[in-house]
Structures are given as C-alpha cells and as structure tokens.
Amino acid sequence: MKTNEIIKTSAEILNLGLPQEYFDSEVLPDDNVVKILLNSCNFVYEELYRDYATSLRKTVVEVIDGFADTASLHMCRVISLLDEQGCDVNYRYGDGGLYVQSDGKYNLCYARLPDVLGWGDQVHMPSPRITERTFVYGIVREFYAVTGDWELAKAWDTRFKDALQVAGVKTSSMRMPARGWL
C-alpha cells in the first residue's frame with residue numbers, strides 16, 4: 001500500500017471530497033487539508049512503530065566519556081543494553097545518545113523509528129497484524145484531534161485501539177533499568 005492510497009481512504013471516511021487528480025499524481029498536492037492528512041499519517045506511523053515494533057535491531061555501541069552516540073540509529077527506544085558478559089547495564093537517555101557509567105563496548109537492542117513517509121511512498125507496517133484499515137482509523141483519529149473535533153477524535157481513538165486489540169498486536173518488550181538510573 002502507498003501513502004497516497006491510505007490518505008485517499010482516510011479522506012473518503014472523513015467525507016472531505018478531495019479531487020481524484022490529487023491521488024493520481026505522484027506529487028504532493030498544495031492543499032492544507034492534504035498536508036494535515038499526510039502529517040497525521042506520519043504521526044500514526046511513528047506511533048505504531050514506537051508501541052508495536054516487532055522488528056528489533058541489534059548493534060554494538062561504544063561508550064566514550066560516558067556517552068554512546070546513537071543519533072545515526074534513528075532509535076525510538078532501547079530494549080536492552082548489555083555488557084560483554086550479557087548483564088544489563090544502567091543507562092539514561094540523552095540528546096542523541098545514551099549515558100552510561102562505564103566506557104567500553106555494549107550490545108544494544110533497540111526499536112527503530114520509521115522513515116518519514118512521502119506522498120507516494122510504500123508503507124510497511126511494524127507488524128503484519130496491523131492492517132490498512134487499522135492504520136486509517138488512527139489517521140482519522142489524528143485528523144479530528146488536529147482540527148479540534150475532540151468528540152470524534154475520541155470515538156475514532158476507541159476504534160483504533162479496539163482494532164489493535166482485536167489484531168492481537170502486543171507492544172514490544174521493554175525493560176526499564178531497576179533502581180539504576182544515573
């Protein structure tokens with residue numbers, strides 16, 4: 001599925017009456033409503049990756065002067081940080097990386113944020129159980145929230161969360177350091 005197809009479905013549910021030529025073009029239309037829909041799409045896409053990422057990545061990071069630079073990883077959260085013996089290491093999030101007490105190399109398991117979606121980009125869900133319909137529910141919810149219709153935003157939020165629950169999607173496991181914050 002492509003971004004413009006998902007936005008078209010969302011616009012139809014919202015009964016926005018957007019012209020078909022918007023969706024036939026590979027170029028983002030210069031229309032504020034379409035831009036709000038694309039922003040809503042990217043917001044929900046990132047939300048799904050933050051909360052339901054099933055594809056985790058692993059790498060080795062080096063800590064120098066108590067800081068591991070992870071900016072290039074496009075990381076949304078740490079699943080685990082382990083030393084050479086496989087023991088959990090205490091860490092603290094910082095701007096562009098992680099703060100760790102001891103220098104050295106560590107094994108990092110993390111969930112990665114998706115790339116920002118453009119108008120004609122292919123969309124890959126973080127889990128095969130998340131359907132296009134579920135994604136559209138989230139976009140509609142976000143559109144109503146951004147435009148200030150809180151009642152409809154709440155109703156679509158319920159649909160969105162119910163669809164995720166029915167799909168049996170679980171949040172990826174996240175271990176918080178126990179009483180070891182720096």
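Predicted model: local features only at pLDDT ≥ 70, side-chain atom pairs only at ≥ 80, totals over all residues.

Colleague: Which residues does Phe-135 touch, not counting residues up to four places away in sequence?

Modeller: Leaving aside residues up to four places away in sequence, Phe-135 touches Ile-6, Cys-41, Val-44, Tyr-45, Leu-48, Val-123 and Met-125. One of these, Leu-48, joins Phe-135 and Leu-37 as the residues with the most contacts inside the largest nonpolar core, which has 35 residues. Several helices build this core: H1 (3-13), H2 (20-24), H3 (32-52), H4 (132-147) and H5 (150-167) each supply at least two residues. The biggest share comes from H3, which gives nine residues.

Apart from this core lies another one, made of 14 residues, including Met-75, Val-78, Leu-81 and Tyr-106. Strand S6 spans residues 104-112 and is joined to S3 by six bridges, with the two running antiparallel. Now for the whole sheet: three strands form it, it is open, and its order is S1-S6-S3 with antiparallel pairing. Strand S1 (56-63) and strand S3 (75-82) stand at the edges with a single partner strand each, so one side of each has no neighbour in the sheet. From one strand to the next, the twist averages 35 degrees.

Key:
Residues numbered from 1 in each chain as written. Heavy atoms only, no water. Pairing = 2+ DSSP bridges. Helix = DSSP H or I, 4+ residues; strand = E, 2+ residues; numbered from the N terminus. Axes fitted to C-alpha atoms, helices over the stretch in contact; angles between N-to-C directions. Core = buried A, V, L, I, M, F, W, Y, C linked by side-chain atoms within 4.5 Å. Buried < 20%, exposed > 50% of the residue type's maximum accessible area, 1.4 Å probe, protein only. Contact = heavy atoms within 4.5 Å.
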